[in-house]
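Subject: A structure for you to look at

Hello,

I am passing on a structure that is new to you, and my notes follow just below it. Please open it first and keep it beside you while you read.

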Amino acid sequence: MCTRHAPPSPPQVAKVVAPKKAKLAEAEASYQEVMVGLTAKQAELQSLLDKLASMEAELKGQQRKKEQLESDIELCSVKLERAGKLIGGLGGEKARWEETARELAKAQVGKAGRVLAQPGGANHVLSNEIDILVALVEHVGQ
């Protein structure tokens with residue numbers, strides 16, 4: 001035997017559905033509020049991500065600049081070391097040239113006497129050596 005139930009009447013349906021519709025409307029309103037908050041938070045997150053990307057790009061630029069400065073420091077140190085060696089070497093050259101000049105000056109005095117002894121040697125005597133020559137002539141004359 002098959003029993004069929006009679007369909008509920010519209011007032012009964014309305015009585016059951018009305019609270020569900022009210023809860024649905026409340027849930028949808030709550031959902032909309034949450035979505036508005038979510039959208040705001042997503043925009044804030046995107047803003048922070050953009051700022052982070054900008055800061056990372058600046059950091060990379062500063063790191064490249066730091067590496068360039070470190071390279072420049074190393075190159076400058078090498079140049080300073082080479083310059084120190086060059087100056088030290090030139091200081092030794094100065095002493096060597098001064099010694100050579102003294103030796104040549106001593107040798108020049110001896111040559112002046114030899115030049116006088118040669119015929120026509122007076123032509124080669126320099127004017128600043130006249131005093132030396134006079135002394136030599138007086139010495140030879142004695």
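Let's start with one side chain: Lys85 counts as exposed because its relative accessibility is 59% (buried means under 20% relative accessible area, exposed over 50%, and partly exposed in between, with a 1.4 Å probe and protein chains only).

Before going further, please note that this is a predicted model, where local features need pLDDT of at least 70, side-chain atom pairs count only at pLDDT 80 or more, and totals for chains, interfaces and linings use all residues. Residues are numbered from 1 along each chain as its sequence is written, and side-chain values use heavy atoms, with hydrogens and water left out.

Now the overall picture. The protein has two helices and zero strands; these are DSSP runs numbered from the N terminus, with helices (H or I) of at least four residues and strands (E) of at least two. Helix H1 covers residues 10–117. Of the 142 residues in the protein, 4% are buried. The accessible surface comes to about 12900 Å², and carbon and sulfur atoms account for 62% of that (areas come from the Shrake-Rupley method with a 1.4 Å probe, and for residues only the protein chains shown count as cover).

Back to Lys85, and to its partner. The side chain of Lys85 meets that of Glu81 in a salt bridge, at 3.5 Å from N to O. The term stands for a side-chain nitrogen of Lys or Arg within 4 Å of a carboxyl oxygen of Asp or Glu, and the count by this rule is four. Glu81 and Lys85 are separated by about one helical turn, because they sit four residues apart in helix H1. Glu81 is partly exposed, at 48% relative accessibility.

- Lys66 and Glu70 meet at 3.7 Å, N to O. They too are four residues apart in helix H1, so about one helical turn separates them. Glu70 is partly exposed at 44%.
- Lys41 and Glu44 have their closest N and O atoms 3.8 Å apart. Here the spacing in helix H1 is three residues, which again means about one helical turn. Lys41 is exposed at 56%, while Glu44 is partly exposed at 43%.

Which backbone oxygen does the side chain of Thr39 reach? The oxygen belongs to Met35, and the distance is 2.8 Å. Thr39 lies in helix H1 and is partly exposed, with 47% relative accessibility.

Finally, have a look at Val13, Val16 and Val17, which form a nonpolar patch on the surface with about 200 Å² of accessible area together. Patches are made of residues with over 30% relative accessible area and no salt bridge, where like charges are joined within 9 Å and nonpolar side chains (Val, Leu, Ile, Met, Phe, Trp, Tyr) within 5 Å. Val13 belongs to helix H1 and is partly exposed at 35%.

Enjoy exploring it!

Best wishes

Methods: A polar contact is a pair of N or O atoms within 3.5 Å; within protein, one must be able to donate a hydrogen and the other to accept it, and residues adjacent in sequence count only if both atoms are side-chain atoms.
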